[in-house]
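Please look through the sequence and the model below before reading on.

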Amino acid sequence: MGKHIVILGGGTAGTMTANRLCRTYDDRRECRITVVDQDDDHLYQPGLLFVPFGLAQPDHLVRPRPRQLDAAVDYKQARIERVDLDARTVHLAGGIRLPYDVLVVATGARLLPEETEGLTGPGWGEKVFTFYDLPGAVGLHEALERFEGGRLVIDVADLPLKCPVAPLEFAFLTDWYLQRRGIRDRVELTYATPLDAAFTKPVAAKALGGLLKEKGVELVTEFTLGEVDGERGRLVSYDEREVPFDLAVVVPLHGGAEYVERSEGLGDELGFVPVDPHTLQLPGHPAVFAIGDAAGLPASKAGSVAHFEGEVLVHNIGRHLAGQPLDASFDGHANCFVETGFHKALLIDFNYDTEPLPGHFPGPLGLPLLKESHASHLGKLAFEWLYWHSLLPGRELPGIGSAMPEHGKNRASA
């Protein structure tokens, strides 16, 4: 009987990992791969940004999970109850037990709107929305179509969050959308963030903050959301500052999967798995790894990060099974297209040690970094095809490896 690799989660990270492992272990007698998820819907999450503006159709963003997986993968649709790390067993609903030789936690991050006072109270789904799930994005599309003017606020409740640039993109696209409708002059647009700037890194924060200012978006910093007063139209921070609104778009608190909290020794206080930032292995439990949004790392929770992690993860699973030392080579590489409206976008590329810098990616003749261009907008649009047909199937992108390329970056800007 071969080794059994169990992957919890059939989203972006779990699917890519399973398909990459199938390419590595093509003999099922050598290795069996099982993927577990609680539902059958694989959602293209980057598309949620476009739904509120009528730029993406909701039914085009969802496909069946099993069809994205290699035929050799054993897919189980079931609720995960807990993981017993000592017994190396996953407990599923209905009393089903899955023993494993290697466990990969890839169940992503879940939204916790109920953790913020008042967020799901009066006004929720009427004048308070999120675009971070499909029902919210659809409801927000209808609300934006009805919106005729007033105070529109985009608020990030707290960190960490999936795709940290998406709320900024929403602000930029809102400016474009309101101009297209001819009502931009009737709207006060505000972006509130718990950060002390528009973004976490200084050079990118200056560039993105400059874009907000250029587009007439007020930036409110160090605003950690404590309460939503839907009846009176107020967002209230923990230090009791208030931001009034007529329409609020809130990115809720995030946490790990519920079963992680029920599994002793698996997660941190937020429900994320605190793996080694370079090997992706859980300290003290060498058979356990985590990838994507489920991993408690100082890296962005973004699809590109999961892709770059995947190369290192699959390599390290092989080394672990062979009894060899792990490769501590993941550098936190993240790469994101930031849609800025008017058929333009800018690209950022960074890792644990290097902030987003100007230059070009993946080399001196590539796409411009930290600079708006139509080419980057086309890259953002092309990503959906790449996602379904290249990234999810576990194929490598020519010329783009897991490590952040140094060539082409202008370090004098740092």
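Which residue has a side chain that is joined to the side chain of tyrosine 259 by a polar contact of 2.8 Å? In this model, which is predicted, the partner is threonine 107, and the contact runs between the two side chains. Tyrosine 259 itself belongs to helix α5, which covers residues 258–261. Its relative accessibility is 4%, and because buried means under 20%, tyrosine 259 counts as buried. Leaving aside residues up to four places away in sequence, tyrosine 259 touches Leu8, Ile80, Glu81, Arg82, Val83, Val105, Thr107 and Leu266. Valine 312, by comparison, lies 53 residues from tyrosine 259 in sequence, and the two C-alpha atoms are 25 Å apart in space.

From this side chain we can turn to the spaces in the protein. The second largest pocket has a volume of about 480 Å³, and 26 residues line it, with Pro164, Thr200, Pro298, Ala299 and Ser300 lying nearest its centre. Of these lining residues, 17 are nonpolar, six are polar and three are charged. Two domains contribute to the lining, since at least three residues come from each of domain 1 (3–111 + 255–322) and domain 2 (128–254).

A search of the whole structure also finds one cavity of 30 Å³ or more. The largest cavity holds about 40 Å³ of space, and its lining consists of Gly292, Ala295, Leu297, Ala299, Ser300, Lys301, Val305 and Glu309. This lining divides into four nonpolar, two polar and two charged residues.

Most residues other than glycine have a negative phi, and most peptide bonds are trans. Against that background, the bond joining leucine 159 and proline 160 is cis, with omega about 0 degrees, and proline 160 sits in the loop between β12 (150–156) and α3 (166–181). Another cis peptide bond leads from phenylalanine 361 to proline 362, where proline 362 is part of the loop between β24 (359–361) and β25 (367–369).

Key:
Residues are numbered from 1 along each chain as its sequence is written. This is a predicted model: local features need pLDDT of at least 70, side-chain atom pairs count only at pLDDT 80 or more; totals for chains, interfaces and linings use all residues. Side-chain values use heavy atoms; hydrogens and water are left out. On a 1 Å grid over the protein atoms alone, a cavity is a set of points where a 1.4 Å probe fits but cannot get out, and a pocket is an open set with protein on both sides within 12 Å along at least five of seven lines; lining residues have an atom within 4 Å of a point. Grid points are joined across faces, edges and corners, and a volume is the space filled by probe spheres set on the points. Ala, Val, Leu, Ile, Met, Phe, Trp, Tyr, Cys and Pro count as nonpolar, Asp, Glu, Lys and Arg as charged, and the others, Gly among them, as polar. Domain bounds come from an automatic or database domain assignment. Helices (H or I, at least four residues) and strands (E, at least two) are DSSP runs, numbered from the N terminus. Buried means under 20% relative accessible area, exposed over 50%, partly exposed in between (1.4 Å probe, protein chains only). Contact means heavy atoms within 4.5 Å. A polar contact is a pair of N or O atoms within 3.5 Å; within protein, one must be able to donate a hydrogen and the other to accept it, and residues adjacent in sequence count only if both atoms are side-chain atoms.
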